[in-house]
Amino acid sequence: MGFPASGASADKPLKFLIYGRTGWIGGLLGKLCESQGIDYAYGSGRLENRSSLEADIATVNPIHVFNVAGVTGRPNVDWCESHKVETIRTNVVGTLTLADVCRERGLVLINYATGCIFEYDEHNPLGSGSRKIPPISLYF
């Protein structure tokens with residue numbers, strides 16, 4: 001199954017649905033859309049709940065879906081190691097569910113997934129539960 005190179009035609013302007021509103025990258029994607037004049041909405045559904053994803057897509061009617069949502073752990077990412085079922089349910093099964101919903105509707109899904117985006121230094125040593133977020137830039 002293929003998609004047009006541009007993803008949008010003259011009769012269907014860009015409109016993005018973004019999952020991961022409260023995260024760092026999700027926030028950056030929203031700001032990038034705003035700066036580029038791209039219509040977007042943040043999804044309110046949960047990745048573990050297929051019907052909520054379907055409802056978001058029906059309401060927003062996007063041409064692209066961006067997924068930057070996932071369990072990152074509280075108070076820190078080490079939580080994921082001791083809560084593997086919850087982490088896998090969202091980060092693996094939930095992401096695959098979103099991918100399947102998008103596939104069924106012929107939507108482009110762009111998934112951002114990382115192990116960790118952290119640096120350690122003398123103020124944030126490895127194993128301390130404290131991590132420094134390095135500066136990065138995202139570009140369309």
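Which side chains meet in a salt bridge at 3.8 Å, N to O? The side chains of E48 and R46 do, where a salt bridge is a side-chain nitrogen of Lys or Arg within 4 Å of a carboxyl oxygen of Asp or Glu. This is a predicted model, in which local features need pLDDT of at least 70 and side-chain atom pairs count only at pLDDT 80 or more, while totals for chains, interfaces and linings use all residues. Residues are numbered from 1 along each chain as its sequence is written, and side-chain values use heavy atoms, with hydrogens and water left out.

Of the 140 residues, 30% are buried; buried means under 20% relative accessible area, exposed over 50%, and partly exposed in between (1.4 Å probe, protein chains only). Among contacts (heavy atoms within 4.5 Å) between residues at least 6 apart in sequence, 65% join residues at least 24 apart.

Back to the salt bridges, of which the structure holds eight. In the opening pair, R46 counts as exposed because its relative accessibility is 53%, whereas E48, at 39%, counts as partly exposed. Another pair is D39 with K15, at 3.9 Å from N to O. This pair links distant parts of the chain, with D39 in strand β2 (residues 39-42) and K15 in strand β1 (residues 15-19), 24 residues apart. D39 has a relative accessible area of 41% and is therefore partly exposed; K15, at 24%, is also partly exposed. Within helix α2 (residues 50-60), E54 and R50 lie four residues apart, about one turn of the helix, and their side chains meet at 3.3 Å, N to O. Both residues also belong to a network of salt bridges that links R50, E54, D100, R103, E104 and R105.

Turning to the interior, N67 in strand β3 (residues 64-67) is buried, because its relative accessible area is 1%. A polar contact of 2.7 Å joins the side chains of N67 and N111; the term denotes a pair of N or O atoms within 3.5 Å, and within protein one must be able to donate a hydrogen and the other to accept it, with residues adjacent in sequence counting only if both atoms are side-chain atoms. The N67 side chain also reaches the backbone nitrogen of A69 at 3.1 Å. T95, in helix α4 (residues 84-104), is buried at 13% relative accessibility. Not counting residues up to four places away in sequence, T95 touches L47, N67, T90 and N111.

Conventions. Helix = DSSP H or I, 4+ residues; strand = E, 2+ residues; numbered from the N terminus.
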